[in-house]
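Please look over the model shown here.

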Amino acid sequence: MQPIAGAPSLSAAASESMREISVVDELGKQRLIYIPSERPLTLLLDERELVTLMTLGASPELLVLGFLINQRLIASAAAIESITVDWKSATAVINSRVASHEAAGAAPRAIASGQGSVFSRLMAQADSIRLPGPREPRIRHDTLQDLLDVMRQHDTIHNLARSVHSCGLFQDARLLVSVEDVSRHNAVDTICGWMALHDISGRDKVLFTTGRLTGEMVIKAAQCGVPIVVSRNGVSAMGYDLAKKFGMTLIGRAVKRRFICYVGAERLGTE
């Protein structure tokens, strides 16, 4: 799949997602297991420090791009000239196209690393979000089951090491891209970065996540234009309220053949 015209230059700094350690189990036996290789990544936008993310680092450039877009620090992937990740210094050096920011009237500003400041930026964008109507994108019960089966096969790190979240973007039951990371927010940001890099619309897509559908997760999915979100986990009150506001379909506790549609059941279909 080809990137958009004027796409940023990206490094290819993927790192090892797991490492092997020796442990002692409940029977007193020593054995080898895998654990996720979590590491810090500090984002430097035009030499200004933005935030430090904790990540597995499987697709760090897409994570950075998606984070910038979801925080509304940039309008599109074309606003960035390059993203260079260096694990030795644990930094992602981001060079923007200043002219693009001036034209948009929205030059990037530094943000703190606390979740409160990040969430407040997301909430400020909530009223501008528009999703497709309920009669357009739909999801059949059998498609939902196929989607869950596909994700079970793609949870490689989770199956070996646990302690991670995964996200997948689907068109019907066809998996377009999947990501595993220590944070569900990182995983959805990486998906959004991939969508922005390739100019992928979310209007006919389904987002799967293993994480809780909190307010922040719902806003991030809505900013990507995705009207249907499926989770193995539950939904928070704020996530529920925001999904109703956006006209989104939220499906949670989706395990094997069971699920709960918290809101947006008009998009469910048997045919």
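## Model

The structure is a predicted model.

## Helix 1 against helix 6

Two packed helices are described by the angle between their axes and the distance between the axes. Helix 1 spans residues 60–70, and helix 6 spans residues 184–198. Their packing angle is about 90°. Their axes lie 7 Å apart. Helix 1 is therefore roughly perpendicular to helix 6, since angles of 65 to 115 degrees count as such.

Helix 1 brings Leu62, Leu63, Leu65, Gly66, Phe67, Ile69 and Asn70 to the contact. Helix 6 meets them with Asn186, Asp189, Thr190, Cys192, Gly193, Trp194, Ala196 and Leu197. By type, the contact holds nine nonpolar residues, five polar and one charged.

## Nonpolar cores

In soluble globular proteins, nonpolar side chains tend to be buried together. Here the largest nonpolar core has 56 residues. Leu43, Phe246, Met248 and Leu250 have the most contacts inside this core. Helix 6 supplies the largest share of the core, eight residues. A second core is separate and has 14 residues, including Ile139, Phe170, Phe208 and Ile251.

What does Leu250 contact, leaving aside its neighbours within four places in sequence? The partners are Leu213, Val218, Val229, Val235, Gly239, Tyr240, Ala243, Ile260, Cys261, Tyr262 and Val263.

## The buried side of helix 8

Helix 8 covers residues 237–246. Gly239, Leu242, Ala243 and Phe246 are buried in this helix. They span an arc of only 105° around the axis, so they sit on the same side of helix 8. Two of these residues, Gly239 and Ala243, are also among the contacts of Leu250. Phe246 is one of the residues with the most contacts inside the largest core.

Gly247 follows helix 8. Its phi is positive, near 75°.

Most residues other than glycine have a negative phi, and most peptide bonds are trans. Ala90 has a positive phi of about 55°, although it is not a glycine. Ala90 is in the loop between strand 6 (80–86) and strand 7 (91–96).

Lys256 also has a positive phi, near 55°, and is a residue other than glycine. Lys256 is in the loop between strand 13 (249–255) and strand 14 (258–263).

Lys256 is exposed, with a relative accessible area of 61%.

Note on methods:
Residues are numbered from 1 along each chain as its sequence is written. This is a predicted model: local features need pLDDT of at least 70, side-chain atom pairs count only at pLDDT 80 or more; totals for chains, interfaces and linings use all residues. Side-chain values use heavy atoms; hydrogens and water are left out. Axes are lines fitted to C-alpha atoms, for helices over the stretch in contact, and angles run from 0 to 180 degrees between N-to-C directions. Helices (H or I, at least four residues) and strands (E, at least two) are DSSP runs, numbered from the N terminus. Angles under 35 degrees count as roughly parallel, over 145 as roughly antiparallel, 65 to 115 as roughly perpendicular and the rest as oblique. Contact means heavy atoms within 4.5 Å. Ala, Val, Leu, Ile, Met, Phe, Trp, Tyr, Cys and Pro count as nonpolar, Asp, Glu, Lys and Arg as charged, and the others, Gly among them, as polar. Buried means under 20% relative accessible area, exposed over 50%, partly exposed in between (1.4 Å probe, protein chains only). The arc is that of the directions from the helix axis to the C-beta atoms. A nonpolar core is a set of buried Ala, Val, Leu, Ile, Met, Phe, Trp, Tyr and Cys residues joined through side-chain atoms within 4.5 Å.
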